[in-house]
Amino acid sequence: MRNWSALVLATSLLGGNAWAGAIDAIPTCYDNKLVGTAPAVVESELFVVIDQTTLLDGGLKQSVADNLKPFLAGGNAFQIITFSAYTQGHYTEVLASGKLDAPMEASRRNDVSKTALAKFDQCMARQPQLAAQVAGGALRAAFDGTSGEIAKSDVLASLKSIAELSRKSKARNRIVLLVSDMLENSSVSSFYADRGHSVRKIDPAKEMQLAEQNQLLGDFGGARVYVIGAGLLSEDGKKSKSYRDPKTMQALAGFWKIYLEKSGAQLVEFGQPALLSPIR
């Protein structure tokens, strides 16, 4: 995998579950006494949401890392989140989060001493590298925790709770990279057929009615959503590719487009399984 190692910090340095505590993991470079307070503005916040029931191959994992990396820049923020099924201990969890400082305005630099400014610039130069280490370690931990043996997948309920994180974001642009097969398999509904060996052709209107009846709509606060992994089955991870009828996939995409619109989000691209263009 060509760039994967550049975005990964060896998780053995911090222990098996260390990334569960990597919240607000990027220290600010601003010092109230020497260089003033950090700008409050957050340009973009990227939420990488990983369904741990979805097995990805190396190329798709690399795609997640490649789409995350451009957002690890000044003035942006990120969160790495996992979910799967409430019933089997794989709860919705923020593994890591961080905010990178926005650059200091040129007019303010003239009022800062050269010594303090040099330290500030060094700190700012290190922030993207630290963010890549934190985010990369969280991605590795998230992917290491995926399993094709988890019987249920509460996609709808998980997205409802994750939507709150997006809604509360202070960023001008909210982007959600949703890494999931998008196949609900819960007490509410199942998008599977043939004991989980194929995707069922759903009726988007009926499934939407079930989601509303069970109060599973969320509020993403106007986020733009990209999906990687739609329609993947556990057999795909074992190199036994299962055929997906185009009409079945169209119905699946149609449901999620409606669901996200009703949940205050815009579905920009539904990767089946890969995205055709980088997220923006």
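The model is predicted: local features need pLDDT of at least 70, side-chain atom pairs count only at pLDDT 80 or more, and totals for chains, interfaces and linings use all residues. Residues are numbered from 1 along each chain as its sequence is written, and side-chain values use heavy atoms, with hydrogens and water left out.

**The chain as a whole**

The chain has seven helices and eight strands. Here helices (H or I, at least four residues) and strands (E, at least two) are DSSP runs, numbered from the N terminus. Of the 280 residues in the chain, 49% are buried; buried means under 20% relative accessible area, exposed over 50% and partly exposed in between, with a 1.4 Å probe and protein chains only. Among contacts (heavy atoms within 4.5 Å) between residues at least 6 apart in sequence, 81% join residues at least 24 apart.

**Helices side by side**

Two packed helices are described by the angle between their axes and the distance between the axes. Axes are lines fitted to C-alpha atoms, for helices over the stretch in contact, and angles run from 0 to 180 degrees between N-to-C directions.

| Helix pair | Axes come within | Crossing angle |
|---|---|---|
| α5 (residues 204–213) and α7 (residues 246–262) | 9 Å | roughly 35 degrees |
| α1 (residues 58–68) and α3 (residues 114–144) | 11 Å | roughly 155 degrees |
| α4 (residues 155–168) and α7 | 12 Å | roughly 30 degrees |

Angles under 35 degrees count as roughly parallel, over 145 as roughly antiparallel, 65 to 115 as roughly perpendicular and the rest as oblique. How do α4 and α7 run relative to each other? They are roughly parallel, whereas α1 and α3 are roughly antiparallel.

As for handedness, a crossing is left-handed if the near helix is turned anticlockwise from the far one by less than a right angle, and right-handed if clockwise. The crossing of α5 and α7 is right-handed. On the α5 side, Pro204, Glu207, Met208 and Glu212 make the contact, and on the α7 side Ala251, Gly254, Phe255, Ile258, Tyr259 and Lys262 do. These residues comprise six nonpolar, one polar and three charged. In this count Ala, Val, Leu, Ile, Met, Phe, Trp, Tyr, Cys and Pro are nonpolar, Asp, Glu, Lys and Arg are charged, and the others, Gly among them, are polar.

Helix α4 also passes α7 in a right-handed crossing. Val155, Leu156, Leu159 and Lys160 of α4 touch Phe255, Trp256 and Tyr259 of α7, giving six nonpolar, no polar and one charged residues.

The crossing of α1 and α3 is right-handed as well. Here Lys61, Val64, Ala65 and Leu68 in α1 meet Ala135, Leu139 and Phe143 in α3.

**Aromatic rings**

Rings of Phe, Tyr and Trp (its six-membered ring) pair if their centres lie within 6.5 Å; planes under 30 degrees apart count as stacked, over 60 as edge-to-face and the rest as tilted. The whole structure holds six aromatic pairs. In one of them, Phe255 and Trp256 have ring centres 4.9 Å apart and planes at 70 degrees, so this pair is edge-to-face. Both residues are buried. Phe191, Phe255, Trp256 and Tyr259 form one aromatic cluster.

**A serine in a strand**

Is Ser198 buried or exposed? Ser198 is buried, with a relative accessible area of 17%. It lies in strand β6 (residues 198–199). Leaving aside neighbours within four places in sequence, Ser198 is in contact with Tyr192, Ala193 and Leu233.
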